[in-house]
Amino acid sequence: MTSPTAKSLDYLRKQGYTCAVVEKFNSFTKKRIDLFGVIDIVAVKSTEKGVLGVQVTSRGNIQSRYQKCLEEPRIRVWLDAGNRLQVHGWGIMGKSGKRKKYDVKVLDVM
């Protein structure tokens, strides 16, 4: 099974972005550390100004992660500097009785 982060990397690369994972694992605390408290992936594209930061989560957690982004003071600096931020929520979607597939819901943080 592919992780949500790997799914977002694939999704962004298909749109022409160059991406890097900036989330780190602290082996002493056993916790993941995000850039500025919320960013898992950074992505750049030659046709767009600034850097795109991405918080990756499950579809069920997308609203709480969006709220977390709004409450993080460093994100206001990120956005004011001309960068963008999105929350990617991944989940299995599809009609009843039909083959299901992973789909992403993207929220832009303003």
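Modeller: Read along the sequence, the pattern is α-β-β-β-β-β-α-α-β-β. Helices here are DSSP runs of H or I with at least four residues, strands are E runs of at least two, and both are numbered from the N terminus. This is a predicted model, where local features need pLDDT of at least 70, side-chain atom pairs count only at pLDDT 80 or more, and totals for chains, interfaces and linings use all residues. Residues are numbered from 1 along each chain as its sequence is written, and side-chain values use heavy atoms, with hydrogens and water left out.
Biologist: Thanks! How many helices and strands are there in the chain?
Modeller: Three helices and seven strands.
Biologist: Which residues of helix H1 are buried?
Modeller: In H1, residues 4-14, they are Thr5, Lys7, Ser8, Leu9 and Leu12. Buried means under 20% relative accessible area, with a 1.4 Å probe and protein chains only.
Biologist: And what do they pack against?
Modeller: Strands E1 (18-21), E4 (41-44), E5 (52-58), E6 (84-93) and E7 (101-109); contact means heavy atoms within 4.5 Å.
Biologist: What follows H1?
Modeller: Gly16, with a positive phi near 95 degrees.
Biologist: Switching topic, how much of the chain is buried?
Modeller: Buried residues make up 35% of the 110 residues.
Biologist: And what does the C-alpha trace span?
Modeller: About 45 × 40 × 25 Å along its principal axes.
Biologist: Last one, what about contacts between residues 24 or more positions apart?
Modeller: Those account for 54% of the contacts in the chain with a separation of 6 or more.

Methods: Buried < 20%, exposed > 50% of the residue type's maximum accessible area, 1.4 Å probe, protein only.
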